[in-house]
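Subject: Structure handover

Hello,

Here is the structure I promised to pass on. Please open it first, then read my notes below.

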Amino acid sequence: MIQRIQSLYLLFIVILGTLLFFVPVIQFTTMPDEPVQRMFELGAVGMDEITPDMENLYLDTLTLKGIWGLTLTTVLIPLLALLDIFMYRRRILQARLNIFLALLCLGYYGILYVYIWFAQMNFNLDWNLYFWACIPLICFVLTLGATRRILKDEALVRAADRIR
């Protein structure tokens, strides 16, 4: 099971997807013309304010509602990859699950775009991506590589069955 290269790809997806749950992916900042410069980080668990020296100021908290979409995709990516590792006997189903996993990785960016758009429209915030935002893209590439290897294994098994 783990000696197959696609299982290693899927294991890397599990590790990177789990890491993605604990790190922020976007930093939002208020516009420079604001009287108080505030900074926020958005990750899978929500939005946290990281503005230094905020003890003396009483400011309302900024919240992005509906953060569950980002949390759900961040949780589903490593869980589906882990499930996919143990489906090595059912290669066609494993390949289909990989295609769904690849679409989920791309869907992560769609959901992220919605949150960026919402923050810009409602709160007039500027945004910067952290390096960690490339993890779903890396998972997407690894998923495509794993799918290719799974289909290659399936073709090899079918060829061996024809010879018998």
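Start with tyrosine 108. Its relative accessible area is 0%, so tyrosine 108 is buried (buried is under 20% relative accessible area, exposed over 50%, partly exposed in between, with a 1.4 Å probe and protein chains only). Tyrosine 109 is partly exposed, at 26%.

Before the rest, two notes on the source. The model is predicted, so local features need pLDDT of at least 70 and side-chain atom pairs count only at pLDDT 80 or more, while totals for chains, interfaces and linings use all residues. Residues are numbered from 1 along each chain as its sequence is written, and side-chain values use heavy atoms, with hydrogens and water left out.

Aromatic pairs

There are four aromatic pairs. Rings of Phe, Tyr and Trp (its six-membered ring) pair if their centres lie within 6.5 Å; planes under 30 degrees apart are stacked, over 60 edge-to-face, the rest tilted. Tyrosine 108 and tyrosine 109 form one of them: the ring centres are 6.0 Å apart and the planes sit at 85 degrees, so this pair is edge-to-face. Phenylalanine 131 and tryptophan 132 are also edge-to-face, with centres 5.7 Å apart and planes at 65 degrees. Phenylalanine 131 is exposed, at 61%. Tryptophan 132 is partly exposed, at 32%.

The core

The largest nonpolar core has 34 residues. Such a core is a set of buried Ala, Val, Leu, Ile, Met, Phe, Trp, Tyr and Cys residues joined through side-chain atoms within 4.5 Å. Helix 3 gives the most to this core: ten residues. Ile13, Phe28 and Leu42 have the most contacts inside the core. Isoleucine 13 touches Ile77, Ala81, Leu101, Cys139, Leu142 and Thr143, leaving aside residues up to four places away in sequence (contact means heavy atoms within 4.5 Å).

Helix 2

Helices (H or I, at least four residues) and strands (E, at least two) are DSSP runs, numbered from the N terminus. Helix 2 covers residues 68-85, and its end C-alpha atoms are 26 Å apart.

Threonine 147

Threonine 147 lies in helix 4 (residues 135-163). At 9% relative accessibility, threonine 147 is buried. Its contacts are Ala95, Asn98 and Ile99, not counting residues up to four places away in sequence.

Best wishes

Key. The expected span of a helix is 1.5 Å times one less than its number of residues.
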